[in-house]
Amino acid sequence: MSATTTKPPALGRKHTGSLVWHLGALLILAVILYPVIWVIGASFKPSKDIINSLQLFPGHPILSNFKGLADGIADIKIWTFFENSLFYALGSVVGILVSCSLTAYAFARIRFAGRNLLFSLMIGTLLLPYHVLLIPQYVMFQKLQLVNTYVPLLIGKYLATEAFFVFLMVQFMRNLPKELDEAARLDGCGHLRIYWSIVLPLCRPALITSAIFTFINAWNDFMGPLIYLNEPGKYTVSLGLMMFRDSDGVAANYGGMIAMSLVALLPVLLFFLAFQRYLIDGMATSGLKG
Amino acid sequence: MGTAVTLVKDSVPTTRKARSAAPVTKGRRGRRENLAGYLFMSPWIAGFLLLTAGPMVASLYFAFTDYNLFNSPKWVGFDNFTAMFDDPRWRKSVEVTAKYVVIGTPLKLLLALGVALLLAQSRRGQAFYRAAFYAPSLIGASVSIGFVWRSLFSDGAVVDRTQSFLGFHVGGWVGNADWVLYCLVALTVWQFGAPMVIFLAGLKQVPRELYEAAEMDGAGPFRRFWSITLPMISPVLFFNVLLETIHSFQIFGSAYVVSNTYCGPADATLVYTCYLYQKGFKDAQMGFAAAMAWMLLLAVALVTAVLFWSQKKWVHYEEDAR
Amino acid sequence: MGTGTNVERRTVLKAAGVSAVTLGLAATACGGNGGTSADGTVTIRYSWWGAEERAKKINQSIALFEKKYPKIKVKTDFQTYQSFWEKFQTQAAGGNPPDVFQNAVGFLRKYDRRGILLDLNSQVKAGNLSLDHFRAGVTKVGEVDGKQLGVPVGSNTMALVIDKKVFERAGVDPATGWTWDDYFKALKTIHDKTKVPGDTGYFAIMYLYDLYLRQNGKAFFTKDGLGFDKSDLTEWWTDGYGRVKAGIVTDPKIVAQDQPKSSLSAGHGASEFTWDNFTVRYSAEGSSTYGLAPIPTMDGKHTGQYLASLMLSASAHTSHPKEAAQFIDFMVHDPAVGTIMGYDRGILASTEQYAAFKPTDTVSKEIAQYEDTTAKSGVLGTITPHPSGADTVEAAFLRIGGDLGQGKTKVTDAVKQFFTESQAAFQA
């Protein structure tokens, strides 16, 4: 975005070329962002107009869809779902940051017997479809009476099972200059000190990227909560949202559902606006560095 | 999301490094390093045994049993697998998933590459467009967007109206068994931003001089793309193909939400994982579901293997990349 | 839901910062398993299916119960019908079913066979639960092989819900004792005159087919299987599909899109067969006026109808059978609960509640009248508990029958598929 202001305006043929380029890009942008803009407009429409009115923004916007949200659904406050999602997302972030950075440090900075074998196993889990583990994990948590708690959803995050983040951090740590910890080692620092006071601070960008991705993944997670949570009071936003539409027997509150959809998207969109550089750079580099 | 290229490039050097490092790990210092290594690794090791390796073994065992959660698993040999092949709904789910992967992934990657090429042409506003195009990748998997999609593709909504305006009336896609899958395809294609960002980063690394030299030789834009850009970004392309393919095999949430939880109509959106979910959690046929999961694993492994095998023929790694 | 859980969660949020271990423990504490606390208060868990409105009413009823029995706390959770049984199944299998739960006739044998359902007769003998004062022998619905596995909260029967305005415009007036021929002719008239398809897809509704079979001396289920053969179903579905093609039954494409709304309330069909107590939904969803019409017959008299019922059952695994029984007793007999619940789960089953609730809205009045006339006309038969696996069979019938209209499968293949899936379900 900053580039636009610094360059002098181009002239002549180049100028037209640039105009065409921008027109093309804006056209694609309009199509791509349409659903997002649509949901904003639709949430201010009465239920019956949502599908059939082509007007992006209603002539007479109404607030009743949002006001309805304040009443909650089925005696459950909407905020409860957000609180639950926040708990799940933040709990995941803490887990991922701690467990994956410890693991990554071992892979990147400690030479121990069997490291390569474990590393290959870790990479293997990266490509493993989660569904192979779904049934036995469910059976296990069910036998441990842990269904309808957040334990099945969170425990993996505390045990570094998300190989993608381990990998991201390993890549980052490998690129840190070796001299740093060799010097620290000569000063008599152990691995814990090196990890904590040298490597972690230097890994901040990778940690931030992982944290944001983790947060968003947990916020969007649907299958996990769907399988493990039973009580509406424990539902995350994703499941709470389904309640708006599932009302069998009673009329579906379409306007409320769309309004709730928008509200559920907001945290992710805000996160994105605030941290987009970290996300995109993290995404871009993860595929390239090595 | 971001891994395999490095994996390919890394695995060999790492092994070599390790071999040369082997002598260091001997002796007292080595033992201390081992201890430190395993201590740091302990959460991962626990997670691997408890949540990955153990369940995998269990899953393999369940696959050969009749198990409905109420009984204890009863060994049935290959019955689940033969039942699977006899089951028209299983075959349908394979067909639906294959269609989704084979149509959705190339379209998504083509669009990602196309837009990346477009954006790479100018630095002006690039960061803005890049961010805006990337946004759908973050929200595409949410239930909210599932609802939005269902609405946009309903009878009389914008897609239907546009299509009718262009002269071929279909009605809403959501209720139409012939069209509803394309509604899901559109949803995955919409999230082209993630591979695009990776393409863009790859394109940035192509040395300018190569293009200049080619231009002097009189190569047109198409030729330049074919003989410079494509080979130069082939590792990134490989990476995107691998990840997007594996990812699409596992689609669940959007199919579940867009189809109003039934994965229909007429099983038209009965993607593999959706059927697995129904078999496991609705019909409580855990043995069958586990067998299905293993078939999925085999399919993914096979596709991965084929891709890795094929990369020798079309992926160009720069030797001095590190 | 209450403040209690919020406090717990806040504690947990704090714990999240501390360490993984504390987190795990705190979250487990959240899970809670109904037990007896130090002061002798017993907590029971009550699960049910339904939606928002029912949730509010049930919470109010529970408040009354807890006032009367201060030593018993009731924790409740609910899902939609589909998820309810998914969750129930896995909980029951894990030995952790809810203490009290909503139940229906299709699940009695299935869970009785698996030893999940408490025979409430013991609690009746112990004086914790009364089976007296029920309307028209409706308690029979919860009886299997001499065991009382459920107590009805409300009764319902299949009905034909019509869009009155469309029927009027077409000049069709459904009369008691009308035949299937009359009915299908009416659908055609409606379509010809108003362009609205006459029905939203009768041929995929299992309970309607059951009535049709009963009119012909059969029934959908026997004690352990299906009560009809492939040729019966082939005929039923071929006719149904033919009517979709002719446009007098709503195109399933439209029905799929209208979900979760009904196509009747969306204005894409003029009538729909459903349980009479569901009628409430149409007036809430749609903009027309809706009414109840009689079920078509073969012989001008017998509709095959019976009173079905939602029930409350208790878990055989509960550690508090007495409290569970007291709760059921209160929920089915207490007049105040009757006034709160109304006809949400069918016409109130016990005479106390039936007398206490005087419907004021036209829809409820009409439902009550419908069931009353149906009962008085003496056509009501008795329902037999469905075989184990009936729930899966019902879902398969709905799915395969509904998909049929998409024109993707031949009727004979659909019938074959249905029979295969049914056999598997009965054996599971």
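## Strand S1 of chain C and its sheet

In this predicted model, strand S1 of chain C, which spans residues 42–49, is mostly covered: 7 of its 8 residues are buried. Strands of a sheet pair through backbone hydrogen bonds, either parallel or antiparallel. S1(C) pairs in the parallel sense with strand S2 of chain C, residues 72–79, over 8 bridges. Within this pairing, Thr43(C) has Lys73(C) in S2(C) as its bridge partner.

S1(C) also runs parallel to strand S3 of chain C, residues 100–103, to which 2 bridges join it. Here the bridge partner of Tyr46(C) is Val100(C) in S3(C). These strands belong to an open sheet of 6 strands in chain C, with the order S2-S1-S3-S10-S6-S11 and mixed pairing. The edge strands are S2 and S11 of chain C, the latter covering residues 347–348, and each pairs on one side only.

## Positive surface patch involving chains A and B

A positive surface patch is formed by Arg111(A), Lys178(A), Arg28(B), Arg29(B), Arg31(B) and Arg32(B). Helix H2 of chain B, residues 27–62, supplies the largest share of the patch, namely 4 residues.

On the chain A side, Arg111(A) is found in the loop between helix H4 (78–109) and helix H5 (115–127). Arg111(A) has a relative accessible area of 36% and is therefore partly exposed. Patch membership requires over 30% relative accessible area and no salt bridge.

## A loop of chain B with two backbone features

The loop between helix H12 (253–258) and helix H13 (272–282) of chain B holds Pro265(B). The peptide bond that leads from Gly264(B) to Pro265(B) is cis, with omega near 0°.

Thr261(B) is likewise found in the loop between H12 and H13 of chain B. Although Thr261(B) is not a glycine, its phi is positive, at about 70°. Thr261(B) counts as buried because its relative accessibility is 5%, the cut-off for burial being under 20%.

## A positive phi in chain C

Lys195(C) has a positive phi of about 70°, although it is not a glycine. Lys195(C) lies in the loop between helix H8 (180–194) and helix H9 (206–215) of chain C.

The relative accessibility of Lys195(C) is 63%, so this residue counts as exposed, whereas Thr261(B) counts as buried.

Conventions: Residues numbered from 1 in each chain as written. Chains lettered and ligands numbered in written order. Predicted model: local features only at pLDDT ≥ 70, side-chain atom pairs only at ≥ 80, totals over all residues. Heavy atoms only, no water. Patch = residues over 30% accessible without salt bridge, like charges linked within 9 Å, V, L, I, M, F, W, Y side chains within 5 Å. Areas by Shrake-Rupley, 256 points an atom, 1.4 Å probe, with all protein chains shown as cover. Salt bridge = Lys/Arg side-chain N within 4 Å of Asp/Glu carboxyl O. Lys, Arg positive; Asp, Glu negative; His and termini not counted. Charge placed at Lys NZ, Arg CZ, Asp CG, Glu CD. Buried < 20%, exposed > 50% of the residue type's maximum accessible area, 1.4 Å probe, protein only. Pairing = 2+ DSSP bridges.
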